[in-house]
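This report concerns pockets and helix packing in a predicted model. The sequence and structure are shown below.

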Amino acid sequence: MENNKPKNTDKNKAPMNGPKIKPFWIYAGLAFLIIILNVFLMNGEKKELTEVGFRDKAQSGQIKEVKIIKNKEFAYITLTEEAAKTEFADKDSPKVQYNTSNYHYTYTFGSLENFEKKIDIYNNELKGKSGNEIVITYGNEVNVFENFGWLLPILILVLIWVFLFRRMGGGGAGPGSQIFNIGKSKATLFDQGSKVNITFSDVAGLDEAKEEVMEIVDFLKHPKKYTALGGKIPKGVLLVGEPGTGKTLMAKAVAGEAEVPFFTISGSDFVEMFVGVGASRVRDLFKQAREKAPCIIFIDEIDAIGRARGRNNMQGSNDERENTLNQLLVEMDGFATDKAVIIMAATNRPDVLDSALLRPGRFDRQIGIDRPDLKGRKAIFEVHLKNIKTADGIRSEQLAEMTSGFAGADIANICNEAALVAARRNKSTVDLDDFNHALDRVIGGLEKKNKFISKKEKEIIAYHEAGHAICGWFLEHASPLVKVTIVPRGIGTLGYAQYLPKEEYITRKEQLLDRMCMTFGGRAAEQNIFGKISTGAQNDLDQITKMGYSMISYFGMNEEVGQVSFYGLMNGQWQKPYSDGTASMIDAEVRKLADQQYLRAQQLLKDKAKELEILAKALLEREVLLKDDVERLIGPRPFADISQEEEESEEKEQPITE
């Protein structure tokens, strides 16, 4: 009768979680043991008798036995029991502190013949005194460490060499980290044994990009669906977007959704100080990928090796990086390419990539991952709020409106910071006030509660921020005000005014001028009220200068300079693509534009001097004013906010039903 019990195969055995003993420590322990034995056996402490001591003990009959070691020219001396008790007994205890089976002394003799004669003389003297005669025995000792001690240094050197060879040959920190595996790929493989838990459901706000990437995953799962019609899947997909927009998260979702092996590596992992290492790692990576085909290779921050060749090359300093790029180009679309290997890459610097890398046949598709719009931010908040215990009334739509221009990583940071703020306040749920504090922390930095600000400085800051708020409130194309505060935060931030930018893709000249005038509001308020200016407008002036040069030299919004743009020509060049005369004209027009908007801001604040005074005093009293507070103090904004315009347009688009 057959036994139907399942066999206990190795796969069914539970993995051992105990500490692993490395062979090096075994070798080191053996070497240490050999050294210890050598020290104790060769150099052990021996109590040796002098010539006078041996003579006195022999003549007094205290020596029982002398064992002569012929090949060592010394002898072991054993005392009689009475002599041993007298000499080795503990004075504080009657217990004898010696072992009678051991020798008590050693004695080195010069000549064996003379030593034997001395013992005969002492024995004759003892016979006359009726004492115990000395018994003589002979023997030889062979010390392995003395005969083969010269092998010990050689053995230690061999052990060190074996250890170094194992470390360099692939042991230790994994392939690619040792000198003999330096040309191996450092890519991390995700397959059935190490599956990623992130899926497309965890990616929000990137619907268009998600559709493009999902097509790649669908092809790997159902290739015949596309090849039956003669279609070919793109060989490479390049994810392009600003930092924090979700490029790497999208790649993780692909790794979690695709039922094929997924290799991931950073572009900097190909860069090494040794010549030829980068190209070798590229070859090894694609070799592993072809063995696992069909599969996906993801290269994060590909601009580390994909920069345009020949740009800013100084005496061959970029030769190694260019060799790595050349090998990557050949592997992606050369004679030995494989259609079953799909390349994904991510970068936030597409402008520096080599044109050969971006052509069809290598990276056929470039998927732009932009900062999410209002709808996208709402979806991202819904994903992150699932893991947070929020209070009743927290709406993702409201949070999305408060975070205009924020990327996905910024939104995740705000949600996490709000939860930490609620925990510090010992709350059971996260409410809207916690999100407001988190938003202030992300925008302005940590609140400086212990920073001492004098009354005069605080008054200047209050009028400065009130000037920003008044200009933004009464300028049509300025962004609606959300909050104004004079609470010091971060490094050098003594106060700020927060606005809600409109969701727009093009900006008109009138909008830029209003924003420049609004930015001048702080310094203009200081000049109007105190007749002096301070250093508090440094950040404002920096924004105004950048805005002015962009309008004139990039966007062609100046009649004197003309309808020209120098942005693309200046990129990557040391010299300006225009004459010194044009440069002087641009500088003069920027100053002229800035002066006009500064005077405009001063005039606006003079006309609204009463409102400026009300806001400044309220800030000195309360330190923080929200939009509702400003409406209550100086009246509603004379222009409709973007949220109201969207609600009105949505109402108009709704069908009329009876």
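## Second largest pocket

In this predicted model, the second largest pocket has a volume of about 740 Å³. It is lined by 25 residues, of which Asp-370, Arg-371, Pro-372, Asp-373 and Tyr-505 are the closest to its centre.

Two or more lining residues come from each of α7, β10 (365-369) and α13 (374-385). The most are given by α13, with 4 residues. By class, the lining of the second largest pocket comprises 11 charged, 7 polar and 7 nonpolar residues.

## Packing of α7 and α9

Helix α7 (residues 207-221), which also contributes to the lining of the second largest pocket, packs with helix α9 (residues 247-257) at an angle of about 25°, the axes lying 10 Å apart. Because angles under 35 degrees count as roughly parallel, α7 and α9 are roughly parallel to each other. Their crossing is right-handed.

On the α7 side, the contact involves Ala-209, Lys-210, Val-213, Val-217 and Lys-221; these meet Met-250, Val-254 and Glu-257 in α9. This contact has 5 nonpolar and 3 charged residues, with no polar ones.

## Largest pocket

The largest pocket holds about 1400 Å³ of space. Among its 39 lining residues, those closest to the centre are Ala-497, Thr-519, Asn-539, Asp-540 and Gln-543.

The elements giving two or more residues to this lining are α16 (432-444), α17 (455-474), β12 (496-499), α18 (509-519) and α20 (538-554). Helix α20 provides the largest share, 7 residues. The lining of the largest pocket divides into 17 polar, 16 nonpolar and 6 charged residues.

Technical notes. Residues are numbered from 1 along each chain as its sequence is written. This is a predicted model: local features need pLDDT of at least 70, side-chain atom pairs count only at pLDDT 80 or more; totals for chains, interfaces and linings use all residues. Side-chain values use heavy atoms; hydrogens and water are left out. Axes are lines fitted to C-alpha atoms, for helices over the stretch in contact, and angles run from 0 to 180 degrees between N-to-C directions. Angles under 35 degrees count as roughly parallel, over 145 as roughly antiparallel, 65 to 115 as roughly perpendicular and the rest as oblique. A crossing is left-handed if the near helix is turned anticlockwise from the far one by less than a right angle, and right-handed if clockwise. Contact means heavy atoms within 4.5 Å. Ala, Val, Leu, Ile, Met, Phe, Trp, Tyr, Cys and Pro count as nonpolar, Asp, Glu, Lys and Arg as charged, and the others, Gly among them, as polar. On a 1 Å grid over the protein atoms alone, a cavity is a set of points where a 1.4 Å probe fits but cannot get out, and a pocket is an open set with protein on both sides within 12 Å along at least five of seven lines; lining residues have an atom within 4 Å of a point. Grid points are joined across faces, edges and corners, and a volume is the space filled by probe spheres set on the points.
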